[in-house]
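Subject: Structure handover

Hi,

Here is the structure I promised to pass on. Please open it alongside this message; my notes follow below.

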There are 2 protein chains.
Amino acid sequence: MPKESQVHSSHFIRDFKLILDNCSPTSSPYFIGHMTSSLPNFLLELAKLITEKNQNLVKVETSKSFTKMELDCLYMLHNLIYQNHDYFYSEVNLNSQFSLGSFCSGGTIANLTALWAARNNLLGPSKNFQGVQSEGVVAALRYYGYKNLAVIVSERAHYSIKKSVDILGLGINIIHTIPTDKDHKIRTDLLEQKMNELESQQIKVLTIVGIAGSTETGHVDDLLTMSIIAKKYQCHFHVDAAWGGATMTSARYKHILKGIEQADSVTVDAHKQFYIPMGLGMILFKKPQLSKNITHHANYILRKNSNDLGRFSIEGSRSGMSLMLYVSFKVFGLNGYELLINESIEKAKQFSRMIKESKNFQLITHPELCILTYRYLPNKIQKLINRDNNDYIHTKINDLNVKIQEKQKQNGNSFVSRTKLFNYQYGYTMDVFRVVLANPLTQEKHLKKILHEQEKIGQNLFDTLVKFTEKECEYN
Amino acid sequence: MPKESQVHSSHFIRDFKLILDNCSPTSSPYFIGHMTSSLPNFLLELAKLITEKNQNLVKVETSKSFTKMELDCLYMLHNLIYQNHDYFYSEVNLNSQFSLGSFCSGGTIANLTALWAARNNLLGPSKNFQGVQSEGVVAALRYYGYKNLAVIVSERAHYSIKKSVDILGLGINIIHTIPTDKDHKIRTDLLEQKMNELESQQIKVLTIVGIAGSTETGHVDDLLTMSIIAKKYQCHFHVDAAWGGATMTSARYKHILKGIEQADSVTVDAHKQFYIPMGLGMILFKKPQLSKNITHHANYILRKNSNDLGRFSIEGSRSGMSLMLYVSFKVFGLNGYELLINESIEKAKQFSRMIKESKNFQLITHPELCILTYRYLPNKIQKLINRDNNDYIHTKINDLNVKIQEKQKQNGNSFVSRTKLFNYQYGYTMDVFRVVLANPLTQEKHLKKILHEQEKIGQNLFDTLVKFTEKECEYN
């Protein structure tokens, strides 16, 4: 009989193998449902190096050259978004009291940091008032005479905005959701109307949030118009460019984000279209002075006149993962990133054409960046949609699409994700497939196979679901 | 002349080498000033694997087997702290509406999560009130009729408590800091007095925070007495065991944390004494039901009846780093961790004896875990301390210690950190050396060398600083 420890270690090796064999194939060219992609190989060796060096970026003492490297990264990203003059950056460099932004574990923490800084700035210290940081929201609203605050964003906002507003103690009821237009961008006319309405009610807008690459459809708000409205009403303008930020590397497509350079703060995820592994995000501040609203100090760490990066971040101890972004920037260069971005957008356009040309699929949202949505809608059902008994048919089509996606996931050959989108034309909420075409390994042949598989699944399910419906419709 | 791209790549290689060569030697046996350590070698290969697999733990779809693995980790850690019966854990497993806790990037996010959950639980939905999550702090305090909230913690609290209270919109003025006793533990008599006082003022205590391994001195509060007080006043009890949590693996020393099993929430950092690289922390909830106070959902992700881990965390997208903890637990076992913990504590005790035996150093705080503080205080100055002109001498001694630490850091051979501690006996704030003896590579010979180097630096500086002082003292 084997010894107990032998039994244990063989169990462990079996379990470990199971974990590795059964994880999600995030880098597969057929796994196009989420925001993960295949990654450049050199990152594997870098991951080892970062673990070996095990720097803690909270403090210069525990990260010496890495602190400088991270400051370089912040500069590169800030420059990419805001494109300030060199003297601006050299001045910031000389002044260690402020920061261009900070790295964090991802977009949610970045959005939270932005809203935190905006809140503390709006409700800052004044005569006879120590500021919201010391006295809290209750005293701050009383002092400033605001009946309430408001956060304004389109219906396509990422759920982290809600989470942040909850955490910040403001209550998610202060979020005013503005409908989107036919292009899935915030209705800026309704935004301005809302600003007016709130002003007349003595409700102060804490921030307008623009979306640069919505999670569901990849669309970018009209950031320029939003920035003009924010300026007019003197409120903070935050842009959640977690997905779309990397588009700034593309001379061909960066115009889509026009106006982002007017944002007071911008969220960017390196682990999205900068092709860095989970989890590296960042928040950038147009004016570094904004960072002073969120500083905290401690005796043993984060001394006031240091260069310690931990003074400007929610997180304390933090890994040296930004080295991956630093190296990727040097290896790819802006040109390399532009290639990746352009390819992803053009691949999405190609896929949208494939969908439109197919008889059995319906394109739901056009790709502005590399995200699009569509659904299975065989030719023979399309005529049914415009009949009177819409609701019944719509429910059936939704069911069919949900089931196709589930079956496809279960088969394990390919993967698209699924979301719900309200369709103004039909006046109901559709279940749709959502795909993100960021993986450079995904080619036309993979996309064809994915559609082919969905078509086959759809045809099989059609018999049990929709044929039946067709009959019902005829009898009704 | 070389081509432009050649110039660039040679620059890059030079810069990259500079970064690697000049980072902090966090794994060196002489680098005992911070909470980083040398790490087991197998983690390097794991880092590569985790990067290769690039799972996103926000959702089962993007992390399949990793979600299950992480749930196993949460179970192991919860069990380590709370030691519930098996039926408790199988019930939680069956109920995907709650969670035992969540992984995050580090202790700060964990502490923030705990206070967020406590706040939303205290000010939860009720008749005619949607809860603080929806209506915010202003409406919540009004509804519940509290004049204000309070957070109570000892003067040794980590600065992340302040940061969390700021972020949560409560204002750091609500933090009531309780002095510590001669053993650097919270004065529970003063804590109870404060609870009484606040109750009579209609100020509701949101949470008492116990410290299990303070950052500065490594001491552990009397968690049992604190838990009894929290129960008596019916308030949340949070324990920040970011440092000390791993001590629960030690049969010999876990008694130090007695009472932690009564805490409503516990912060533990895997990247501290679980010997995992930056940054992996976790929050554990005694009652999984607490987690429902912080849930957020979204259509495209985090469906209500899923097992998606992202429903219970501040962060959204998150890496599969917990695999490192999973593997370490399997490879080391509890016995392996116990060995590491016991060794670290006993090494600190050994170092404290070395300091006491030396003529030129003064032990300031005894190690309860593996952290201690001391300072340079040559024999010949000791007699001066008790004279009348204390303040002058004390300032000089502080200067001397600050300069020794700076010079030692500059030399680059060894490193201790530095903090300020108020000394009740002398009635003034001392600058002291702080060391963390967690690195298994650090042995007696390294500690001897460190003391020797400090002694030499001290002697050199003594001439310019203290000899002068001695004369002054004599003339005064």
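Start at the salt bridge between A:Glu368 and A:Lys185, where the closest N and O atoms are 2.6 Å apart. Keep in mind that this is a predicted model. Side chains of opposite charge can pair when their charged atoms come close. Two salt bridges are counted between domain 1 of chain A and domain 2 of chain A. The polar contacts between these two domains of chain A come to 10 residue pairs, both residues at pLDDT 80 or more. On the side of domain 1 of chain A that touches domain 2 of chain A, six residues are nonpolar, 12 are polar and five are charged.

Now the domains themselves. The assignment for chain A places domain 1 at 56-318 and domain 2 at 342-475. Taken over C-alpha atoms, the centres of domain 1 of chain A and domain 2 of chain A are 36 Å apart. Contact between them involves 23 residues of domain 1 of chain A and 21 residues of domain 2 of chain A. Together, domain 1 and domain 2 of chain A bury about 1700 Å², with 51% of it on carbon and sulfur atoms. Which three residues supply more than any others of the area that domain 1 of chain A buries against domain 2 of chain A? They are A:Glu216, A:Trp243 and A:Tyr253, with 32% of that area.

A:Glu216 also turns up in another pair. A:His158 and A:Glu216 lie 58 residues apart in sequence, and their C-alpha atoms are 8.6 Å apart in space. A:His158 sits in the loop between strand S2 (148-154) and helix H7 (159-167) of chain A. The side chain of A:His158 also makes a polar contact with the side chain of A:Ser160, at 2.8 Å.

Next, the contact between the chains. The size of an interface is often given as the accessible area lost when the parts come together. Here, chain B and chain A bury about 8200 Å² between them, and 61% of it is on carbon and sulfur atoms. In terms of residues, 101 of chain B are in contact with 101 of chain A.

How many salt bridges are counted between chain B and chain A? The count is six. A:Glu61 forms a salt bridge with B:Lys409, with the closest N and O atoms 3.2 Å apart. Polar contacts between chain B and chain A number 54 residue pairs, both residues at pLDDT 80 or more. Helix H2 (residues 42-53) of chain B gives the largest share of the side of chain B that touches chain A, with 10 residues. That side of chain B divides into 42 nonpolar, 38 polar and 21 charged residues.

How do the copies relate? A rotation of 180 degrees, with 0.0 Å of shift along its axis, superposes chain B on chain A at an RMSD of 0.0 Å. The two copies are therefore related as by a two-fold rotation axis. Of the interface residues of chain B, 100% are also interface residues in chain A, so the copies meet through the same surface.

Over all chains, the salt bridge count comes to 36. One within chain B joins the side chains of B:Asp21 and B:Lys17, at 3.0 Å from N to O. These two residues are four apart in helix H1 (residues 4-21) of chain B, so about one helical turn separates B:Asp21 from B:Lys17.

Finally, some backbone points to check. Most residues other than glycine have a negative phi, and most peptide bonds are trans. The peptide bond from A:Met278 to A:Gly279 is cis, with omega near -10 degrees. A:Gly279 is in the loop between strand S6 (265-269) and strand S7 (281-285) of chain A. In chain B, B:Met278 and B:Gly279 are joined by a cis peptide bond, and omega is about -15 degrees. B:Gly279 is placed in the loop between strand S6 (265-269) and strand S7 (281-285) of chain B. A:Asn128 is not a glycine, yet has a positive phi of about 65 degrees. A:Asn128 lies in the loop between helix H5 (107-122) and helix H6 (132-144) of chain A.

Best wishes

Definitions and conventions: Residues numbered from 1 in each chain as written. Chains lettered and ligands numbered in written order. Predicted model: local features only at pLDDT ≥ 70, side-chain atom pairs only at ≥ 80, totals over all residues. Heavy atoms only, no water. Domains from an automatic or database assignment. Contact = heavy atoms within 4.5 Å. Buried area = accessible area lost by both parts, 1.4 Å probe. Salt bridge = Lys/Arg side-chain N within 4 Å of Asp/Glu carboxyl O. Polar contact = N/O pair within 3.5 Å; in protein donor to acceptor, adjacent residues only side chain to side chain. Nonpolar A, V, L, I, M, F, W, Y, C, P; charged D, E, K, R; others polar. Least-squares fit on C-alpha atoms with pLDDT ≥ 70 in both.
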